[in-house]
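Trainee: I'd like to learn how to read a structure like this one. Can we go through it feature by feature?

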Amino acid sequence: MVDNTHSNNASAENDKQPAESSGAFSLENILGANHETLEHPGLKQQELDAPTTAAEGWDEDSANRPVAEGFCVECEDQPAQLSCKECEDNYCEVCFAAQHRKGSRKKHSVISIAGTSTTSVEKEQNGTLGTDGQSKGEEADKDVDMEEDSDAELDRTSAGLPTAPPIVFLGAQPAVGANVGEWFVERAKYIPLRLTIHERKYLRLLDAALQVSDYTDKIDTLGFGLSKAKRIVHQIRELCAILSGLVLSADYKLGQELFTDRDFQRNERFYQQIFELGRRHKIMNPDKMRTTYGKLIYLVQDSQSPEVKDMLSFSCVKPIKTVYSVLEKHDALELLRDDLITIATKEIYSDGRSRRDVQKDIKSKERAIETLATRYQREGLNQEQVRQCLYSIGDNHAFLRTNRDPCERMIHYLKTHFHHSHPKDPNYTLAIRSGKGGARLSHDHAKQYAYVLQSLTLWREILHDMFRLWSLAEQDLLSESISYRLRDTGQGLNRVQAAPKTLRMMHTILHRAQQSVGSWVGSSAIHMGDHNVPNALMFIDKYSQIYRILLPVCNTLSQIPSLKDKPALQSYIEDEFGSIDNCIREILSDFFRHGFDGSGADNFFDAGSCIDGRLTSAWNWCAQLERKRYFPVFLLTGFIGFDGEW
């Protein structure tokens, strides 16, 4: 009996053992037939621990802080303006419009915090909320745009309180001779001061030093010997040493005074000024320093790290010198409220005007500048400095004409040559279909017309406030509390960093554009701090290229009518397109269709109908221009490319 019992127990154990081993996480079982039923032994424990273990990461909040009373529950840094009855939450106007634009939330009722009651339906009728015009393939971007708003906490982790000032938007520029009010005061806060001749000499030295520097090659790399902080300090000191040598060769007396003992800490103010010159010059001239500005801003960004700052013993950052800061320092802000400033800063055009009229405008502008320079000069602020402020405001107007006005012209072409609801000519319809001609979206004529109009309107609003966006982008990049992470984004190693201030401003601009057009087709997702737009620098670089797309197209369209002055060219146009007007309409219809068709990327989240995807598809159209049958017309009007001088 004992033997039988023992044998039975032994056989039971033997039967149990293979059963246990059959489910063991081993190489034999992984390669076996039942590999799909295998489960890692640590997986269950991770699932059990998941509810109590908070996720941590470079772009996630590690703690849940209560929302400050009186502030928006979504972005947490703007005063609450509206209260939703169904959600039982308080929102600012921008966040409420973004959260209640589609779906069941669209029907929620809202009460103004001040006491005025209204509903989302009434808001839609007034153009506050857009209609749902999303097509198939655009679902991937839906309602993603507000998820990043939680990053607004990142720039105030130390204080724990809302610190962002309310955003003030300006209307159109006051007409010449009109009452200016506070328009120039608000605008001047973000207009950098034009560089003097003396400052331009040091700018050339900085540019030369950055040209020979390998900063990003040695810092933004993996598997290097020294620690990153030590590499950063070594590279910054090396660049400062190069600058010292260049300054010594350019101005021996100044070089001797500054760099006799090679003490970087004692010359902190000099390095701050020379780095600020480069940053200021780039904002005023986006087409300059195209290869060196990235090195400069990344170097200054790294110098803000607490560890690097301790090892370096000095800071490389100082605020950008603006027109507002200079005038405020010398108590001369009344200059910006003087109605004569519209004449002193106006742009003078020569197209279609007689020489006499142009000379008359030039003399009146010069008289206005001299009058203001004499009126507002004071101790510490001479006439030349006042003129410099006025010239800087004039530079801002020139920037808007070059960058923003092409958007206005394309909107004019759209409204002039195409009907908003149906095509005037079946040959020039704006309808697109996914898979046809490279399109990734499917829109009928009316929907594509609205989609193009809203995209151009959004670009116009972004470029109108480009200087303010650039200021916020630098604040995000140079923030001491927001670190970046080096990641392979599919286009090489990039610094992925959240940009809460820039993102907040973009949401506000988007909301203003949605109000302007009255409806919204497609997604309103804004990529920021991800693999599409890694950081605020990439965002600024992306949108500062809009004029490189639109300006050559506008110039070509404006010069096509002059081709009929030459009989041979007129004959070519008529044989190929039928008429000058048909040629213009064909170019416009193709651009409005395939420059806004969601193409240019491998998936809808990277391109599609999201905010950044609209610009991606426009660049994709530019890359395919040489294959178009109207490309010879571009060449005949002097087109040389999208990356040149026009």
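Trainee: What helices and strands does the protein have, by number?

Mentor: The protein has 27 helices and six strands; helices (H or I, at least four residues) and strands (E, at least two) are DSSP runs numbered from the N terminus. Keep in mind that this is a predicted model, where local features need pLDDT of at least 70, side-chain atom pairs count only at pLDDT 80 or more, and totals for chains, interfaces and linings use all residues. Residues are numbered from 1 along each chain as its sequence is written, and side-chain values use heavy atoms, with hydrogens and water left out.

Trainee: How many of the residues are buried, as a percentage?

Mentor: Buried residues are 48% of the 646 in the protein. Buried means under 20% relative accessible area, exposed over 50%, and partly exposed in between (1.4 Å probe, protein chains only).

Trainee: How do I describe two packed helices?

Mentor: You give the angle between their axes and the distance between the axes. Axes are lines fitted to C-alpha atoms, for helices over the stretch in contact, and angles run from 0 to 180 degrees between N-to-C directions. Take helix 19 (residues 445–464) and helix 26 (residues 611–623): their axes come within 11 Å and cross at roughly 100 degrees. That makes helix 19 roughly perpendicular to helix 26. As for cut-offs, angles under 35 degrees count as roughly parallel, over 145 as roughly antiparallel, 65 to 115 as roughly perpendicular and the rest as oblique.

Trainee: Which residues make that contact?

Mentor: Helix 19 brings Tyr451, Gln454, Ser455, Leu458 and Trp459, while helix 26 brings Ile611, Arg614, Leu615 and Ala618. Sorted by type, the residues of this contact of helix 19 with helix 26 are six nonpolar, two polar and one charged. Ala, Val, Leu, Ile, Met, Phe, Trp, Tyr, Cys and Pro count as nonpolar, Asp, Glu, Lys and Arg as charged, and the others, Gly among them, as polar.

Trainee: And helix 12 with helix 20: at what angle do their axes cross?

Mentor: The axes of helix 12 and helix 20 (residues 466–477) cross at roughly 45 degrees and come within 9 Å. That makes helix 12 oblique to helix 20. Tyr293, Ile297 and Gln301 in helix 12 meet Trp470, Glu474 and Leu477 in helix 20.

Trainee: What about phi?

Mentor: Most residues other than glycine have a negative phi. Methionine 289, not a glycine, has a positive phi of about 50 degrees. Methionine 289 sits in the loop between helix 11 (268–284) and helix 12 (293–303), and is buried, with a relative accessible area of 11%. Aspartate 331 also isn't a glycine and has a positive phi of about 55 degrees. Aspartate 331 lies in the loop between helix 14 (323–329) and helix 15 (341–344), and is exposed at 65% relative accessible area.

Trainee: How do strand 5 and strand 6 run?

Mentor: Strand 5 (residues 485–488) and strand 6 (residues 493–496) run antiparallel, joined by four bridges; two strands pair if DSSP finds at least two bridges between them. Leucine 486 has arginine 495 in strand 6 as its bridge partner.

Notes
Contact means heavy atoms within 4.5 Å.
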